[in-house]
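I opened the coordinates today and kept notes as I went. Here they are, in the order I looked things up.

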Amino acid sequence: IRDIKNDFDLNLDALISQVSTSLISQEKEIKNRQGRWMRLQIRPYKTFDNRIDGAVISLVDIEALKQQIAVAKKAQDYLTSVSETVRLPLVILDDQLRLRSANLAFWEHFKLSQQITGKDFSAILEMRGDSLQEMRKLLTETLRVNKKVKNVEMDCEFPHIGRRTLLISASLIQWMGEMLKEPQEPQEPQEPQEPQEPQAILVTF
C-alpha cells in the first residue's frame with residue numbers, strides 16, 4: 001500500500017474506506033508519477049465467515065492498451081472523414097445493430113432530416129415486413145460469423161422514399177467509438193481484464 005501511495009496522486013485510504021463501507025467495488029484508470037496509465041481496482045475483502053475485513057487492491061499496467069486505443073482512434077477519425085467524401089450511403093452499426101455513425105449521403109438518400117444515432121438501425125429507417133427480417137438476418141450473420149456481404153440485392157419499402165432496390169455490402173470492423181452498453185445485473189467483483197475492442201459493421205448501400 002505504501003508503494004501505491006508514493007507512486008500515485010490519490011487518497012487511497014479514503015477509497016479503501018468507501019469500498020469497505022459501501023461494499024461496492026471501485027475501478028479507476030490513473031497515471032503514476034512516471035506518466036504510465038494503470039487500472040486500479042479496489043473491492044471488499046470477505047472472510048470465510050462472510051465478514052468484511054478490509055479491501056483487496058489490484059493494479060494492471062494499461063499503458064500499451066492506451067497507446068493502441070490512441071492509434072485506433074486516429075484511424076477511426078480518418079475513416080469518419082473519408083466516409084464524408086464517399087457518394088454512396090455509408091453507416092457503421094454496433095453489435096446490437098444500432099446506428100453509431102453515418103455519412104451525409106446516407107441522410108440525404110433516405111431523406112432523413114433528423115440525424116439520430118444510438119437507436120436501432122431499422123427503426124430509424126422505419127423498415128417493416130419481410131425486408132426488415134431479411135436485413136437483420138444479413139447483418140446478424142455478418143456479426144456472428146464474420147461473413148462479408150457484397151452487393152446483395154434487396155427490395156425494401158421506406159415511408160420517406162417509397163420502394164427501393166438496394167445493393168447492400170457489409171463487413172466487420174473494429175470500432176473504437178463510444179458503444180452503448182445494456183444494463184447488467186450486479187455481479188461479484190472480478191479481477192480486472194483487458195477490454196476487448198468492440199465489433200461493428202460497416203454497411204454501404
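This is a predicted model: local features need pLDDT of at least 70, side-chain atom pairs count only at pLDDT 80 or more; totals for chains, interfaces and linings use all residues.

I found Glu126 in the loop between α5 (121-125) and α6.

Leu23 came next, another residue other than glycine with a positive phi, this one near 65°. I traced Leu23 to the loop between α2 and β1. Leu23 is partly exposed too, with a relative accessible area of 48%.

**Entry 1: the sheet of β1, β2 and β3.** In what order do the 3 strands of the open sheet lie? I read the order as β1-β2-β3, with antiparallel pairing. That leaves β1 and β3 as the edge strands, each pairing on one side only. From one strand to the next I get an average twist of 25°. Helix α2 (residues 12-22) packs on this sheet and touches β1, β2 and β3. The direction of α2 makes about 40° with that of β2.

Then I went through the pairs. Strand β1 (residues 26-31) and β2 are antiparallel over 6 bridges, and Ile30 has Met38 in β2 as its bridge partner. Between β2 and strand β3 (residues 52-61) I have 8 bridges, antiparallel again. Here Leu40 has Leu59 in β3 as its bridge partner, and Met38 stands opposite Asp61.

The β1-β2 hairpin has 5 residues between the strands, and Gly35 has a positive phi near 90°. The β2-β3 hairpin has 5 residues between the strands, and there Asn50 has a positive phi near 65°.

Is strand β2 (residues 37-46) mostly covered or mostly open? I'd call β2 mostly covered, with 7 of its 10 residues buried.

**Entry 2: the β4-β5 hairpin.** Strand β4 (residues 90-94) runs antiparallel to strand β5 (residues 99-102), joined by 3 bridges. Leu93 has Leu99 in β5 as its bridge partner. With 4 residues between the strands, this hairpin has a positive phi near 60° at Leu97.

**Entry 3: helix α6.** I did a length check on α6 (residues 129-145). At 1.5 Å a residue, its 17 residues should span 24 Å, and the end C-alpha atoms are 25 Å apart, which agrees.

Which residues of α6 are buried? My list is Ser131, Leu132, Met135, Leu138, Leu139, Thr142 and Leu143. They cover an arc of only 135° around the axis, so they sit on the same side of α6. Just after α6, Asn146 has a positive phi of about 55°.

**Entry 4: the cores.** Which residues touch the most other members of the largest nonpolar core? Of its 30 residues, these are Phe106 and Phe205. At least two residues of this core come from each of β4, β5, α4 (104-109), α5, α6, β6 (149-158), β7 (162-174) and β8 (199-204). The largest share, 5 residues, is from α6.

I listed the contacts of Phe106, leaving out residues up to four places away in sequence. Phe106 touches Pro89, Leu90, Val91, Leu99, Leu112, Phe121, Leu125 and Phe205.

Apart from this core lies another one, of 10 residues, including Ile4, Val19, Ile30 and Met38.

Technical notes. Residues are numbered from 1 along each chain as its sequence is written. Side-chain values use heavy atoms; hydrogens and water are left out. Buried means under 20% relative accessible area, exposed over 50%, partly exposed in between (1.4 Å probe, protein chains only). Two strands pair if DSSP finds at least two bridges between them. The expected span of a helix is 1.5 Å times one less than its number of residues. The arc is that of the directions from the helix axis to the C-beta atoms. Axes are lines fitted to C-alpha atoms, for helices over the stretch in contact, and angles run from 0 to 180 degrees between N-to-C directions. Contact means heavy atoms within 4.5 Å. A nonpolar core is a set of buried Ala, Val, Leu, Ile, Met, Phe, Trp, Tyr and Cys residues joined through side-chain atoms within 4.5 Å.
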